[in-house]
Amino acid sequence: MSRKIIIFDTTLRDGEQALQVSLNSREKLKIALSLEKLGVDIIEVGFPVSSPGDFNSVEKISNVIKESRICSLARCIKKDIDIAAQAMSNAKNFRIHIFLGTSNLHIYSKLRKNFSEIIEMAVSSIKYTLRYTNDIEFSCEDAGRTSPDNLCKIIEKVIQAGATTVNIPDTVGYTLPTEFSKIISDIRLRVPNIHKSVISVHCHDDLGLAVGNSISAIQAGAGQVEGTINGIGERAGNTALEEVILAIKTRKKILNVYTGIKHKELYNTSKTVSKLCNIMVPSNKAIVGSNAFSHSSGIHQDGILKNRKNYEIMNPETIGLKIVQFNLTSRSGRAAIKNRMQEMGYSESDYNIEKLYMDFIKLADIKGKVYDYDLEALAFIKLEKFMKLKKYFKLKNLNINFNTLGLSTVSIQLIAGKKLHTKKTKSFNGPLYTIYKTFKQLINFNISLKKFKLITKIKENKTITQVKTVVKYNNRFFNGISVNKNIIKASAKSLINILNDIWISKQIRIKFNKI
Ligand code: KIV
Ligand code: ZN
């Protein structure tokens, strides 16, 4: 029979520990609500003794979260346990998670104790915690490097004292999947009272093995997996929960386990965590990276169009993503181009595929990624004309002033075809936004700014800024990119590139009655 794996999320504790700027309680609550919506069984919300801010966040979250169980971390110290219990006193259900180093390294060189003293501290702390709750998790910190004899001994004692979950952390991400699964099997074989407790695993990703180790632990009988969304956490991070969850779903026949997770919430949860924690998800990150479901090579795109299963083991809708469109690049073939044209409502008789393909390849060589609106334009005009039209709007002059009160004044002279337009705008919304606002008023397109991303690097005594902008116009997203040593010029140019693309697209769509 299939076993349920308990999903324990520690994004707000182990994950938050690694952030450069701590989250405030409002941000933590937002993450907790999104984890609750995802169907996480246990949310470790903090380490309340560590700071008044952490205490307040735990308290606030405990008042609101009802579906998931709340958990707080404590050392084997009475004050930690009291404060953890106090912070969660309003929670519907709560767990106290206490931890203590069990490897010789931690015992002798960090805690400066001996093993008998460690057992005594663990047992007395668990007995003390029982006054607050029966739901007690005990973590053998650095279990991955703890001798099997000591690990089994302390686990037996803590279960006897009242621990209902025993956690086996690979604190420094040292073990290999075969070693880690043996640790779990040995515990199950050698600890006589192990049936009274759930075995949990908590892996770090120093060798990139956290998810692999967690999966092998499940195969060896672990009943709870700990981790964080997007794998954020100390050093190289923790087990990425979305990866474990989808591995369980995708390989359910072989693993014979399931989770209570609402998979469709995974993508949104990942986005929420990334945004609030200010940690970008790498594009190639499994499950939630922007490329995780996108196919680039012509052979793969053709294979996917014939049968998605050719190159997809999971479908993007599972995690709440809409169908992911192919990246159109110089590696794309005719099949992908025809498909995208069809998605835009054109039939093959509307355009010449050979001409379109040849122009597309030339443009892709210049531009890298080709967008819908580029393809649509190329289908109906020659590449040379397209390149010429891309210079319809030209910047003649841009003047900017800002003062310490925050007022920005921008005046722009823009050439549109053969005419010169001028506009001056003032705002307190920052100089870059004021530039955008001035352009918007100048050209009178009903656009809205969706992304304005700047990356500045120092190169040969100069600063070079790359600006990427995304603007929405008529339900379509237009992308502009520009590089310049002047941050203002780079920003203005990326917007002008977009304006030119919108202008071309408008001409084509008017001609073909698409608007
Ligand atoms: O990595 C670790 O050992 C921990 C414990 C506190 C569980 O985070
Ligand atoms: Zn940890």
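Which residues coordinate the zinc ion (ligand 2)? In this predicted model, the zinc ion (ligand 2) is held by Asp14 through OD and by His202 and His204 through NE2, at 2.0 to 2.1 Å; donors are N, O and S atoms within 2.8 Å of the metal (3.2 Å for Na, K and Ca), and since water is not among the atoms, sites may look incomplete.

This is a predicted model in which local features need pLDDT of at least 70 and side-chain atom pairs count only at pLDDT 80 or more, while totals for chains, interfaces and linings use all residues. Residues are numbered from 1 along each chain as its sequence is written, chains are lettered from A and ligands numbered from 1 in the order in which they are written, and side-chain values use heavy atoms, with hydrogens and water left out.

Along the sequence, the donor residues of the zinc ion (ligand 2) follow the spacing D-x187-H-x1-H. Asp14 belongs to helix 1 (residues 11–15) and His204 to the loop between strand 8 and helix 9 (210–219), so this pair ties together parts that are 190 residues apart in sequence; helices (H or I, at least four residues) and strands (E, at least two) are DSSP runs, numbered from the N terminus.

His202 is found in strand 8 (residues 198–203) and, at 5% relative accessibility, counts as buried, a term that means under 20% relative accessible area with a 1.4 Å probe and protein chains only. Asp14 and His204 are buried as well. The side chain of His202 also makes a polar contact with that of His204 at 3.2 Å, a polar contact being a pair of N or O atoms within 3.5 Å, where within protein one must be able to donate a hydrogen and the other to accept it, and residues adjacent in sequence count only if both atoms are side-chain atoms.

The residues surrounding ligand 1 include Asp14, His202, His204 and Thr171, where a residue counts if one of its heavy atoms lies within 4 Å.

| Residue | Distance to an oxygen atom of ligand 1 |
|---|---|
| Asp14 | 3.0 Å |
| Thr171 | 2.7 Å |
| His202 | 3.1 Å |

Elsewhere, three strands form an open antiparallel sheet in the order 14-15-16, two strands being paired if DSSP finds at least two bridges between them. Strand 14 (448–459) and strand 16 (476–484) stand at the edges with a single partner strand each, so one side of each is left without a neighbour in the sheet. Strand 15 (residues 462–473) pairs with strand 16 over nine bridges, and Val471 stands opposite Phe478 in strand 16.

Technical notes. Buried means under 20% relative accessible area, exposed over 50%, partly exposed in between (1.4 Å probe, protein chains only).
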